[in-house]
Amino acid sequence: MKPIKATTHDTDALIELGRASVQIVHDLKNQVNGLKLYATFLRKRMEKSERPADELETINKIMAGLERAAADMTTLVRFGRPLELQPKPRLDLAALLAAATEGDFAPTPAGDDDSGDAYRGDFDAPVLSEALKNIHASARQLASKDAPPHVNLRRAETGTEAGAENGATPPSALIEWRGIRDAGGDEDVFNSFNGGAGLRLALAARVIHAHGGAVEQASDALRVRLPLRSDE
């Protein structure tokens, strides 16, 4: 399904529709969570009464579908509401990335700096970690079947490389997921809204932007750039 594209004359109507949809989805999410409780109750009863395997398999599939629907609805509600960050100072981006990629990335010192301070910045750890995790999950889906994407983190010192405006800027960190297939051709995967995965990528991009960073798609990579502290 193609995403709806706003035009000049219908922007206000789409905004109002979006607000209404978020509230409706919020209510639907609560109903789905209620159905999950009923399904859990039925599964426990069926397990105690030793029901046939195909019946248990069916209830498990129902629960899995409800969980996916609830997760997508939660993402949509979060995307439709203002993003309020609570950044903490001097957090280690390398450690956040290592946790978000679940072993697919191992932090290494930047140059001669082995103090662990090379990638310190002001981040909202839970929100940023979730965003990085969602980008990593999408990169794995876009990767070749033979190997997972290669996750790389490096530090950019100059304002030129960081896309500076009005001269020099603080250093930044560049995260790359390389080794993926064509990331969507002319369609920006960070703005495709293609299903639940596309919505999570769009929310991840919003989180990166809120941290003062940027996202980028290339033919063989996904990139995230985040500002670091300049006093390191």
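**Close-up views of a predicted model**

Confidence in this protein is lowest in helix α1 (residues 11-48), at a mean of 79, and highest in β2, at 96. The score is pLDDT, the predictor's confidence in each residue, from 0 to 100. Helices (H or I, at least four residues) and strands (E, at least two) are DSSP runs, numbered from the N terminus. The model is predicted, so local features need pLDDT of at least 70 and side-chain atom pairs count only at pLDDT 80 or more, while totals for chains, interfaces and linings use all residues. Residues are numbered from 1 along each chain as its sequence is written, and side-chain values use heavy atoms, with hydrogens and water left out.

**View 1. Confidence along the protein.** The average pLDDT is 82, and 80% of the residues score at least 70. Over residues 160-164, pLDDT stays under 50. Where pLDDT is low, the predicted coordinates should not be read in detail.

**View 2. The largest nonpolar core.** A nonpolar core is a set of buried Ala, Val, Leu, Ile, Met, Phe, Trp, Tyr and Cys residues joined through side-chain atoms within 4.5 Å. Buried means under 20% relative accessible area, exposed over 50%, partly exposed in between (1.4 Å probe, protein chains only). This core has 35 residues; Leu-93, Leu-128, Leu-153, Ile-175, Trp-177 and Leu-222 touch the most other members. At least two residues each come from α3 (93-100), α4 (125-142), β3 (150-156), β4 (172-178), α5 (195-210) and β6 (221-227). Helix α4 gives the most, with 7 residues. Another core, of 11 residues, lies apart; Val-25 and Met-73 are among them.

**View 3. Around Leu-93.** Contact means heavy atoms within 4.5 Å. Leaving aside neighbours within four places in sequence, Leu-93 has contacts including Tyr-119, Phe-123, Ala-173 and Leu-226.

**View 4. Phe-105 in a loop.** Phe-105 sits in the loop between α3 and β2 (120-123). Phe-105 counts as buried because its relative accessibility is 9%. Not counting residues up to four places away in sequence, Phe-105 touches Ala-94, Leu-97, Ala-98, Val-151 and Leu-153.

**View 5. Helix α4.** The 18 residues of α4 should span 26 Å at 1.5 Å a residue, and the end C-alpha atoms are 25 Å apart, which agrees. The expected span is 1.5 Å times one less than the number of residues. Buried residues of α4 include Ser-129, Asn-134 and His-136. The buried residues of α4 pack against α3, β2, β3, β4, α5 and β6.
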